[in-house]
Amino acid sequence: MARKKQAHQIPEGNVITLENVYKSYAKGAPALNGISLDIKQGEFVFIVGNSGSGKSTLIRLLLRELKPTEGYINVLGYELNTIRNSRIPKFRRNLGIVFQDFRLLNDRNVYENVAFAQRVIQVSGRMIQKNVPAILAMVGLADKYKSKPLELSGGEQQRVALARAIVNKPMILLCDEPTGNLDPANAWEIMQLLEEINETGTTVVVVTHNREIVNAMKKRVITMKKGVILSDQQYGSYIDEEIGEDEEEEDEDEDELYVEQGTGSWRTDTLPLI
Amino acid sequence: MRISTFFYAIGQGFKNLVRNRWFALAAIATITSCLFMFGVMAAVVINFRHVVQTVEEGVSVTVFFEPGTSEERIRQMKVEIEEREEVSDVTFISAEEAWDSFKDEYLGEYTDGFTENPLEGMDNLEINLKDVSRQGELISFLETMPEVREMNYSAVTADTLTGANRLIAYISVGIIGLLLAVSIFLINNTIATGITARKEEISIMKYIGATDFFVRAPFVIQGLIIGFIGSVIPVGVLYILYSRATEYVVGRFPTLARIMSFVPTYDIIRIIGPACLILGVGIGFLGSMFTVRRHLHV
C-alpha cells in the first residue's frame, strides 16, 4: 500500500516547526525521542540541558546536517525531511551559524573571514566592500579588520564568527554554545550582540550551558533531557532540579563532550575533553 | 555563474596548488612520466604501424581465370570485387599488358623469338586489400566464383602482419590502462590531501550555503591544471628526443634508414600531442571529480 503524504499545518508566524521528531544513531538510546517544538519569527530561544540531552543533535537537524529518523521538521517553509540535496545550499543561506570553537580561517584576516561568507554565496565584490565594514563596525571590530584570528582574544574571535554569521542577513541565527570558550565578560558582550541582532527581527536560537546568562536574560528557555523536552518556559530560567545529574552520559555528538570544572557550582570556563 | 565566481574558482585552484605544492609536484611528475612512457610507446607503435603499412601495401591477391572467360565477364567480376569492404583497389591486367610488362622487365631487346603471346589466357585481376587480416574472407568469396582458376597470395605474410598488429594493440591498451590507473590514483591522493587541509573551510562553506559546484570547482580546476602541466612537459620532451633520436639513427645507421623510414617528428607530435593533452586533462578532471565527490559530504 502506498504511504499517504501527511499534510502538516504550520502555525502562523512559525519559522521552526518540529512534530514528533526522533533521531537515533547506530548505537545507544535515541538522541531525540519524539520532540515537538514551535519557534516563531523574531523569538530569542535558549535550549539548555546536560551533555547527552540532544541539544546539539537538534541544532544539526535544524541545519539539515542530519536527517531525522522519524517525524516532521519545517524550517522557513523548507521541509527538512524531504528536502532534495540540491536545495540545501539555498535553504542554509537563510541561516547563520555560530560555533563554540569559532571555526575561523586562521590564514585569513578578519575582513577576509567575513567577506568569505559573502563570496561563498556569490555576492558581488562591490556589495562585499559595502557590507563587510558595516558588519565589522556593528560587532566592534572595525579597527581590527587586518588582524588574523590568532592575534585576537577569544571574545574578539567569536565576534568575527558572529559577523560572518550575520553578514548574509539570515532569518535565523543558530548558536551552538557561543560562550563556551569565553570568560564571563566576553560571554556577556556576545549575548548583548545576539540581543541586538534579535531586535532587528532575526530569530535567535542559542544552545548553552551558561546558567547565569540564561537566568539573567529572561528569554524563552527550552530545557532538554535524554532526548525529550522537559520544559518550555517564556521568560524562563535554568532549572537544576529538572535537568538533574547525568553529566557522565556519553553523547553521540562530540561537540557536546564537555565536563564542568569544580564540583557543585556551575562554571563558564568548561574544559573540552577532546 | 558569475564571472567573479569563475575567477574566484580559478584563483582558489591555483592557491590549492601552491598550498599543496609538494603533492602537486608529485602528481605532475607522475602524470608526466606516465604520459612520457605513453608517448614513447605511441611513437614506437606509430612507426611500427608505418612499417607494417608499407609491407601491407605490397601484399596483394592475384586472380587468374578459366580459359574462355570473356574480358567482359572479368570486368564485371572486377566491379563485384571492388564493392567488397575489405578491398582497397582492383587492377585488371590483360594478357597483353602482362606480356609487355614481362618483356620490359626481363627480356629487354631479346624478344625476337616470340611471335605469339606466351602469356595468352593469363588475364588477371590484382587486388589490394584495405585490411590484410580480412584476406581470408576475400579468398573464400573468390573461391565461390566458378571462373576463377587460380589465386596467388601469401597467407603467411597476412597472418604475421595481422598477428603483429593485434599484439601491438593489446600491449598498447594494457600499458595505457595501467598508466591511466596510476595517474588517477595519484591525482586522487593530491586532491584528497588538499581537501583534508581545507576541511574546515569546506565545512564552513557548506554551512553558509555554498553550492556543491562552488566547493568543487577549485579542486577540479586544480586537477585540470595538474593534468595540463603533466601533459605539456612530456610532449615537449618527446618532441626534442624524437627528432634527435631519428636524426641520430638515420646518420649512424644508413642501412637501416634505407630499409625503413621514420614517421616525421611533426606527424608524431600531431598525433601524440593532442592525445597526451586529452589524457592529462582527462586524468586530472576524473581524478579530482572522484575525490571531491567522495569527500564533500557535509
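This is a predicted model: local features need pLDDT of at least 70, side-chain atom pairs count only at pLDDT 80 or more; totals for chains, interfaces and linings use all residues.
Turning to chain A on its own, the chain has eight helices and twelve strands. Of its 274 residues, 43% count as buried. Taking the contacts in chain A between residues at least 6 apart in sequence, 66% link residues at least 24 apart.

One of the sheets in chain A is open and has four strands, in the order β2-β1-β4-β5, with antiparallel pairing. At its edges stand β2 (32–40) and β5 of chain A, each with a single partner strand, so one side of each has no neighbour in the sheet. Further in, β1 (residues 14–23) and β4 (residues 70–75) of chain A pair in the antiparallel sense over five bridges. Within this pairing, Thr17(A) has Asn74(A) of β4(A) as its bridge partner. Asn74(A) also has a partner in β5(A), namely Glu79(A). The next residue pair to mention is Val75(A), whose bridge partner in β5(A) is Tyr78(A). In total, two bridges join β4(A) to β5 (residues 78–79) of chain A, and the two strands run antiparallel. Together β4(A) and β5(A) make a hairpin with two residues between them, and Leu76(A) in the turn has a positive phi of about 55°. Lying across β1, β2 and β4 of chain A is helix α1 (residues 55–62), which runs at about 120° to β1(A).

Gly52(A) sits in the loop between β3 (44–48) and α1 of chain A. Is Gly52(A) buried or exposed? It counts as buried, because it has 25 C-beta neighbours inside 10 Å, and the cut-off for buried is 20 or more.

Helix α6 (residues 184–199) of chain A can be checked against simple helix geometry. At 1.5 Å a residue, its 16 residues should span 22 Å, and the end C-alpha atoms are 22 Å apart, so the two agree. The buried residues of α6(A) are Ala187(A), Ile190(A), Met191(A), Leu194(A) and Ile197(A). Seen down the helix axis, these buried residues of α6(A) fall within an arc of 115°, so they line one face of the helix. The face of α6(A) turned away from the buried side carries the exposed residues Ala185(A), Gln192(A), Glu196(A) and Glu199(A). What lies over the buried residues of α6(A)? The cover includes α5 (154–166), β7 (172–176), β8 (203–208) and α7 (211–217) of chain A. After α6(A) comes Gly201(A), with a positive phi near 110°.

Chain B has an open sheet of its own. Four strands line up in the order β2-β3-β1-β4 (chain B), and the pairing is antiparallel. Here β2 (87–93) and β4 (148–152) of chain B stand at the edges with a single partner strand each, so one side of each is left without a neighbour in the sheet. Phe92(B), for instance, has Leu125(B) of β3(B) as its bridge partner. Two helices pack on this sheet, as follows. Helix α3 (residues 71–82) of chain B touches β1 (60–65), β2 and β3 of chain B, and its direction makes about 170° with that of β2(B). Helix α5 (residues 135–143) of chain B touches β1, β2, β3 and β4 of chain B, with its direction at about 160° to that of β4(B).

Terms used:
Residues are numbered from 1 along each chain as its sequence is written. Chains are lettered from A and ligands numbered from 1 in the order in which they are written. The expected span of a helix is 1.5 Å times one less than its number of residues. A residue is buried if 20 or more other C-beta atoms lie within 10 Å of its own, exposed if 12 or fewer, and partly exposed in between; C-beta atoms are placed from the backbone. The arc is that of the directions from the helix axis to the C-beta atoms. Two residues are in contact if their C-beta atoms, placed from the backbone, lie within 7 Å. Two strands pair if DSSP finds at least two bridges between them. Axes are lines fitted to C-alpha atoms, for helices over the stretch in contact, and angles run from 0 to 180 degrees between N-to-C directions.
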